[in-house]
Amino acid sequence: MLLITGAHGMVGSYAKEVFGNENIYLSDIPEMDITDQNKVKKIFAKVKPKVVIHLAAETDVDRCEKEPDHAFRTNTIGTQNVALECYKYDAVMVYIGTGSVFNTEGIHTEYDEPNPICVYAKSKLEGEKIVQSFLQKYYIFRASFMIGGGRAKDKKFVGKIIQFCLEGKKEIMAVNDKHGTPTFAKDLLKGIKEFIMTGNYGLYHLGNNGICSRYDIAKKIVEIIGSDTKVISVTSDKFPLPAPRTPSEAIRNYKLELMGMNMMRPWVESLKEYIEDWRKEDNA
Ligand SMILES: NC(=O)c1ccc[n+]([C@@H]2O[C@H](COP(=O)([O-])OP(=O)(O)OC[C@H]3O[C@@H](n4cnc5c(N)ncnc54)[C@H](OP(=O)(O)O)[C@@H]3O)[C@@H](O)[C@H]2O)c1
């Protein structure tokens with residue numbers, strides 16, 4: 001049985017499409033609030049999972065900065081509660097890390113040293129450490145600039161830009177000095193499904209291939225949609241935010257490349273498919 005936590009979020013919205021309807025248990029808050037150890041224990045006792053994909057997290061980076069106790073309780077202690085049950089039930093644990101653990105320019109490999117500068121990234125890195133110290137049968141997959149969820153769930157940058165273009169907004173501003181690696185949530189789950197069959201436990205980067213700025217993504221969305229929206233390139237000091245952002249959360253799937261197993265496609269291809277899916281949903 002496969003147990004997924006945080007299954008109602010952006011990534012979890014592709015769980016059934018990728019893993020099917022059989023032998024899967026989709027959980028989320030409040031039924032399985034990962035900060036409540038008793039609830040976590042109860043669900044494990046009921047499901048007895050062999051594999052757990054742990055997606056539940058507080059992903060609002062600015063909320064994490066303003067409420068660090070909430071961030072660490074959810075992203076670190078919540079992960080500890082899940083990892084302890086995985087240990088008890090001898091289940092394989094899959095944890096999703098983030099490229100925002102890095103604080104340097106450029107594209108990062110698994111061999112670069114993390115140095116998180118915001119509470120969200122710190123709490124997620126502590127989650128990684130817990131998984132690594134409690135378990136042997138684990139996978140940590142770091143992602144970056146997640147894309148997914150469609151109109152209903154995508155409240156992030158890409159969703160907003162698609163929406164603005166479809167509404168015919170004249171101008172949008174996008175920052176040119178923050179870089180990342182767009183990761184289509186559907187590709188991430190497909191990659192996880194394929195890779196966890198191999199038994200090569202450990203920490204991996206699993207983004208779509210490439211590096212770009214938010215400005216590059218916005219330009220590409222406008223081009224794919226064929227809209228007249230003008231994209232204005234600005235620096236991040238134009239948008240002061242509570243949480244500091246790293247100059248680059250871009251990730252390279254370096255270990256998978258070295259192993260000859262990098263199954264991910266370039267980010268532009270995935271973005272095209274995502275926008276096609278969005279349009280199909282709109283026309284349905
Ligand atoms: N989004 C990104 O850009 C990004 C990048 C790299 C890595 N990741 C990681 O990828 C994973 C999946 O992220 P996502 O993009 O799917 O995030 P998401 O859309 O925010 O989904 C997270 C889910 O977890 C739920 N949740 C929050 N607190 C919980 C709790 N205490 N107990 C149980 N469930 C709880 C959320 O419910 P509510 O909505 O009701 O709070 C939501 O359904 C996370 O581990 C995240 O850190 C995300």
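Tutor: A word on conventions before we start. This is a predicted model, where local features need pLDDT of at least 70, side-chain atom pairs count only at pLDDT 80 or more, and totals for chains, interfaces and linings use all residues. Residues are numbered from 1 along each chain as its sequence is written.

Student: How are α7 and α9 oriented: parallel, antiparallel, perpendicular or oblique?

Tutor: Helices (H or I, at least four residues) and strands (E, at least two) are DSSP runs, numbered from the N terminus. Axes are lines fitted to C-alpha atoms, for helices over the stretch in contact, with angles from 0 to 180 degrees between N-to-C directions. The axes of α7 (residues 157–167) and α9 (residues 214–225) come within 10 Å and cross at roughly 40°. Under 35 degrees is roughly parallel, over 145 roughly antiparallel, 65 to 115 roughly perpendicular and the rest oblique, so α7 is to α9 oblique.

Student: Which elements do the buried residues of α7 pack against?

Tutor: Buried means 20 or more other C-beta atoms within 10 Å of the residue's own, exposed 12 or fewer, and partly exposed in between, with C-beta atoms placed from the backbone. In α7, Val158, Gly159, Ile161, Ile162, Phe164 and Cys165 are buried. Their packing partners are β6 (146–147), β7 (171–175), α9 and α11 (267–283).

Student: What are the residues of α11 that α9 meets?

Tutor: The axes of α9 and α11 are 10 Å apart, at an angle of about 50°, and the two helices are therefore oblique to each other. From α9, the contact takes in Lys220, Ile221, Ile224 and Ile225; their partners in α11 are Val268, Leu271, Lys272 and Ile275.

Student: Which elements give two or more residues to the shell around the ligand?

Tutor: A residue is near a molecule if its C-beta atom, placed from the backbone, lies within 6 Å of it. There are 27 residues around the ligand, and Gly6, Gly9, Val11, Ala56 and Met146 come nearest. Two or more residues come from α4 (68–89) and β4 (92–98).

Student: What is omega for the cis peptide bond that joins Ile29 and Pro30?

Tutor: Pro30 sits in the loop between β2 (24–26) and α2 (37–47). For the cis bond from Ile29 to Pro30, omega is about 10°.

Student: Is Asn23 buried or exposed?

Tutor: Asn23 is in the loop between α1 (15–19) and β2, and has a positive phi of about 50° although it is not a glycine. With 12 other C-beta atoms within 10 Å, Asn23 is exposed.

Student: And what is phi of Asp90?

Tutor: Asp90 lies in the loop between α4 and β4, and counts as exposed with 11 C-beta neighbours inside 10 Å. Asp90 is a residue other than glycine with a positive phi, near 55°.

Terms used. Contact = placed C-beta atoms within 7 Å.
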